Amino acid sequence: MHSTLQETLLSTIRSITDYPKPGIVFRDITTLLGNARAFRRSVDELVHPYAGSKIDHVTGIEARGFILGGAMAHQLSAGFIPIRKKGKLPHDTVSIAYSLEYGIDEMEMHKDALKPGERVILVDDLIATGGTAVGAVKLLRQMGADVVAACFVIDLPELGGRRKLEALDVTVRTLVEFEGH
Ligand code: AMP
(Lines give C-alpha, C1' and ligand atoms only; values in the text may rest on other atoms or scores of the structure.)
Protein backbone atom coordinates (compact mmCIF):
# COMPACT_ATOMS: atom_id res chain seq x y z
CA MET A 1 0.00 0.00 0.00
CA HIS A 2 1.35 3.37 -1.00
CA SER A 3 0.92 6.15 1.54
CA THR A 4 -0.27 9.58 0.45
CA LEU A 5 2.12 12.50 0.62
CA GLN A 6 0.12 13.82 3.61
CA GLU A 7 0.61 10.54 5.47
CA THR A 8 4.28 10.46 4.59
CA LEU A 9 4.77 14.02 5.85
CA LEU A 10 2.80 13.49 9.03
CA SER A 11 4.78 10.36 9.84
CA THR A 12 8.22 11.81 9.07
CA ILE A 13 8.03 15.32 10.58
CA ARG A 14 9.02 15.11 14.25
CA SER A 15 7.24 17.32 16.80
CA ILE A 16 9.20 18.43 19.86
CA THR A 17 7.17 20.08 22.59
CA ASP A 18 8.50 23.05 24.56
CA TYR A 19 11.41 23.66 22.15
CA PRO A 20 13.10 26.13 21.92
CA LYS A 21 10.95 27.44 24.77
CA PRO A 22 7.86 26.48 26.77
CA GLY A 23 4.62 26.55 24.77
CA ILE A 24 6.23 26.08 21.34
CA VAL A 25 5.95 22.80 19.43
CA PHE A 26 8.99 22.65 17.17
CA ARG A 27 8.28 20.93 13.85
CA ASP A 28 11.56 19.20 13.06
CA ILE A 29 12.08 18.36 9.38
CA THR A 30 15.47 16.66 9.85
CA THR A 31 13.56 13.38 10.13
CA LEU A 32 11.79 14.13 6.83
CA LEU A 33 15.07 15.09 5.13
CA GLY A 34 16.68 11.89 6.38
CA ASN A 35 13.98 9.77 4.76
CA ALA A 36 14.86 9.39 1.06
CA ARG A 37 11.29 8.89 -0.12
CA ALA A 38 9.79 11.68 1.99
CA PHE A 39 12.49 14.15 0.92
CA ARG A 40 12.13 13.29 -2.76
CA ARG A 41 8.32 13.42 -2.71
CA SER A 42 8.30 16.76 -0.87
CA VAL A 43 10.65 18.37 -3.38
CA ASP A 44 8.74 16.84 -6.33
CA GLU A 45 5.48 18.24 -5.00
CA LEU A 46 6.92 21.70 -4.33
CA VAL A 47 8.33 22.05 -7.86
CA HIS A 48 5.47 20.30 -9.67
CA PRO A 49 3.49 23.41 -10.77
CA TYR A 50 6.65 25.06 -12.15
CA ALA A 51 8.06 22.17 -14.18
CA GLY A 52 8.32 23.46 -17.73
CA SER A 53 7.94 27.13 -16.81
CA LYS A 54 10.95 29.38 -16.73
CA ILE A 55 12.20 29.94 -13.19
CA ASP A 56 15.48 31.84 -13.00
CA HIS A 57 16.28 31.26 -9.32
CA VAL A 58 15.09 29.50 -6.22
CA THR A 59 15.82 31.63 -3.15
CA GLY A 60 16.10 29.80 0.15
CA ILE A 61 15.90 31.27 3.64
CA GLU A 62 18.70 30.27 6.05
CA ALA A 63 19.09 27.51 7.02
CA ARG A 64 16.51 24.83 6.28
CA GLY A 65 15.38 26.71 3.17
CA PHE A 66 18.86 26.05 1.73
CA ILE A 67 18.38 22.28 1.79
CA LEU A 68 14.96 22.33 0.15
CA GLY A 69 15.88 25.18 -2.18
CA GLY A 70 19.05 23.52 -3.48
CA ALA A 71 17.11 20.40 -4.41
CA MET A 72 14.30 22.44 -5.99
CA ALA A 73 16.74 24.57 -8.01
CA HIS A 74 18.43 21.45 -9.35
CA GLN A 75 15.13 19.97 -10.42
CA LEU A 76 13.97 23.21 -12.09
CA SER A 77 17.35 23.84 -13.74
CA ALA A 78 17.34 27.18 -11.90
CA GLY A 79 20.05 28.96 -9.95
CA PHE A 80 20.00 29.06 -6.15
CA ILE A 81 20.24 32.27 -4.10
CA PRO A 82 20.74 32.21 -0.33
CA ILE A 83 18.99 34.75 1.90
CA ARG A 84 21.08 34.90 5.07
CA LYS A 85 21.16 36.44 8.47
CA LYS A 86 23.03 39.71 8.73
CA GLY A 87 26.80 39.58 8.42
CA LYS A 88 27.15 36.13 6.81
CA LEU A 89 27.49 37.03 3.13
CA PRO A 90 30.97 38.10 2.00
CA HIS A 91 30.21 40.54 -0.86
CA ASP A 92 28.07 43.73 -1.13
CA THR A 93 24.58 43.08 0.19
CA VAL A 94 21.09 44.54 0.36
CA SER A 95 19.32 44.00 3.63
CA ILE A 96 15.90 44.32 5.21
CA ALA A 97 14.71 44.36 8.80
CA TYR A 98 11.96 41.87 9.64
CA SER A 99 9.88 41.17 12.69
CA LEU A 100 10.39 38.22 14.97
CA GLU A 101 8.17 37.19 17.84
CA TYR A 102 10.29 39.36 20.13
CA GLY A 103 12.00 42.25 18.37
CA ILE A 104 13.49 42.54 14.92
CA ASP A 105 16.34 41.03 12.94
CA GLU A 106 17.91 41.62 9.56
CA MET A 107 18.32 39.38 6.52
CA GLU A 108 20.52 39.96 3.50
CA MET A 109 21.25 38.85 -0.01
CA HIS A 110 24.05 39.71 -2.41
CA LYS A 111 23.40 42.87 -4.42
CA ASP A 112 24.35 41.16 -7.68
CA ALA A 113 22.46 37.92 -7.02
CA LEU A 114 19.67 38.63 -9.48
CA LYS A 115 18.61 41.02 -12.21
CA PRO A 116 15.36 43.01 -12.29
CA GLY A 117 12.49 41.05 -13.84
CA GLU A 118 13.94 37.62 -13.05
CA ARG A 119 11.42 35.01 -11.95
CA VAL A 120 12.11 33.56 -8.52
CA ILE A 121 10.53 31.08 -6.13
CA LEU A 122 11.04 31.59 -2.41
CA VAL A 123 11.29 28.58 -0.10
CA ASP A 124 11.52 27.84 3.61
CA ASP A 125 10.61 24.80 5.69
CA LEU A 126 7.75 26.40 7.60
CA ILE A 127 5.56 29.51 7.70
CA ALA A 128 4.33 30.65 11.09
CA THR A 129 3.60 34.37 11.65
CA GLY A 130 4.99 35.13 8.20
CA GLY A 131 7.43 37.77 9.45
CA THR A 132 10.43 36.03 7.89
CA ALA A 133 8.78 35.30 4.53
CA VAL A 134 7.24 38.79 4.23
CA GLY A 135 10.71 40.27 4.83
CA ALA A 136 12.19 37.99 2.17
CA VAL A 137 9.49 38.91 -0.39
CA LYS A 138 10.07 42.62 0.24
CA LEU A 139 13.82 42.16 -0.15
CA LEU A 140 13.38 40.27 -3.43
CA ARG A 141 10.95 42.85 -4.78
CA GLN A 142 13.32 45.64 -3.75
CA MET A 143 15.84 43.94 -6.06
CA GLY A 144 13.25 43.93 -8.87
CA ALA A 145 12.52 40.19 -8.74
CA ASP A 146 9.23 38.74 -9.95
CA VAL A 147 8.25 36.51 -7.00
CA VAL A 148 6.34 33.70 -8.71
CA ALA A 149 5.49 31.84 -5.49
CA ALA A 150 6.49 31.21 -1.90
CA CYS A 151 6.69 27.52 -0.94
CA PHE A 152 6.79 25.86 2.46
CA VAL A 153 6.55 22.26 3.57
CA ILE A 154 4.64 23.23 6.72
CA ASP A 155 1.94 25.84 7.41
CA LEU A 156 0.83 26.80 10.92
CA PRO A 157 -2.45 28.40 9.80
CA GLU A 158 -3.42 29.73 13.22
CA LEU A 159 -0.48 32.13 13.07
CA GLY A 160 -1.73 33.77 9.87
CA GLY A 161 1.50 33.96 7.83
CA ARG A 162 -0.08 32.66 4.66
CA ARG A 163 -2.71 35.42 4.68
CA LYS A 164 -0.01 38.08 5.11
CA LEU A 165 1.81 36.84 2.03
CA GLU A 166 -1.40 36.56 0.04
CA ALA A 167 -2.23 40.16 0.99
CA LEU A 168 1.02 41.06 -0.79
CA ASP A 169 -0.24 39.21 -3.88
CA VAL A 170 2.13 36.31 -3.43
CA THR A 171 1.03 32.81 -4.48
CA VAL A 172 1.61 30.51 -1.49
CA ARG A 173 2.12 26.73 -1.66
CA THR A 174 2.29 24.55 1.45
CA LEU A 175 2.23 20.76 1.75
CA VAL A 176 0.90 20.08 5.25
CA GLU A 177 -0.75 21.98 8.11
CA PHE A 178 -0.29 21.62 11.87
CA GLU A 179 -2.50 23.09 14.57
CA GLY A 180 -1.21 25.56 17.12
CA HIS A 181 2.16 27.26 17.42
P1 AMP B 1 7.70 33.22 11.04
O2 AMP B 1 8.59 34.35 10.63
O3 AMP B 1 6.96 33.45 12.31
O4 AMP B 1 6.76 32.79 9.91
O5 AMP B 1 8.64 31.98 11.37
C6 AMP B 1 9.16 31.20 10.36
C7 AMP B 1 10.60 30.83 10.59
O8 AMP B 1 10.82 30.38 11.93
C9 AMP B 1 11.00 29.70 9.68
O10 AMP B 1 12.33 29.92 9.23
C11 AMP B 1 10.87 28.47 10.54
O12 AMP B 1 11.89 27.55 10.24
C13 AMP B 1 10.97 28.96 11.98
N14 AMP B 1 9.88 28.45 12.84
C15 AMP B 1 8.87 29.18 13.40
N16 AMP B 1 8.05 28.42 14.14
C17 AMP B 1 8.54 27.15 14.07
C18 AMP B 1 8.11 25.88 14.61
N19 AMP B 1 7.03 25.75 15.39
N20 AMP B 1 8.86 24.78 14.31
C21 AMP B 1 9.95 24.88 13.51
N22 AMP B 1 10.40 26.04 12.99
C23 AMP B 1 9.71 27.16 13.23
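The model is predicted, with local features taken at pLDDT of at least 70, side-chain atom pairs counted only at pLDDT 80 or more, and totals for chains, interfaces and linings using all residues. Residues are numbered from 1 along each chain as its sequence is written, and side-chain values use heavy atoms, with hydrogens and water left out.

Rolling a probe the size of a water molecule over the atoms shows where empty space is left. Here a pocket is an open set of points, on a 1 Å grid over the protein atoms alone, where a 1.4 Å probe fits and protein lies on both sides within 12 Å along at least five of seven lines; lining residues have an atom within 4 Å of a point. The largest pocket has a volume of about 1,000 Å³, a volume being the space filled by probe spheres set on grid points joined across faces, edges and corners. Its lining holds 34 residues, with Arg64, Leu100, Leu126, Ala128 and Thr132 nearest the centre. Two or more lining residues come from each of strands S2 (25-28), S4 (79-85), S5 (93-99), S6 (104-110) and S7 (119-127) and helices H4 (64-76) and H5 (131-142). Helices (H or I, at least four residues) and strands (E, at least two) are DSSP runs numbered from the N terminus. S7 gives the largest share, four residues. By type, the lining divides into 17 nonpolar, seven polar and 10 charged residues, where Ala, Val, Leu, Ile, Met, Phe, Trp, Tyr, Cys and Pro count as nonpolar, Asp, Glu, Lys and Arg as charged, and the others, Gly among them, as polar.

Turning to charge pairs, the whole structure contains 11 salt bridges, each a side-chain nitrogen of Lys or Arg within 4 Å of a carboxyl oxygen of Asp or Glu. One of them joins Asp28 to Arg14, with the closest N and O atoms 2.9 Å apart. Asp28 lies in strand S2 and Arg14 in strand S1 (residues 14-17), so this pair ties together parts 14 residues apart in sequence. Asp28 is buried at 8% relative accessibility, whereas Arg14 is partly exposed at 41%; buried means under 20% relative accessible area, exposed over 50%, and partly exposed in between (1.4 Å probe, protein chains only).

Glu62 and Arg84 form another salt bridge, at 3.0 Å between the closest N and O atoms. Glu62 sits in the loop between strand S3 (57-61) and H4, and Arg84 in strand S4, 22 residues apart. Glu62 is buried at 16%, while Arg84 is partly exposed at 22%.
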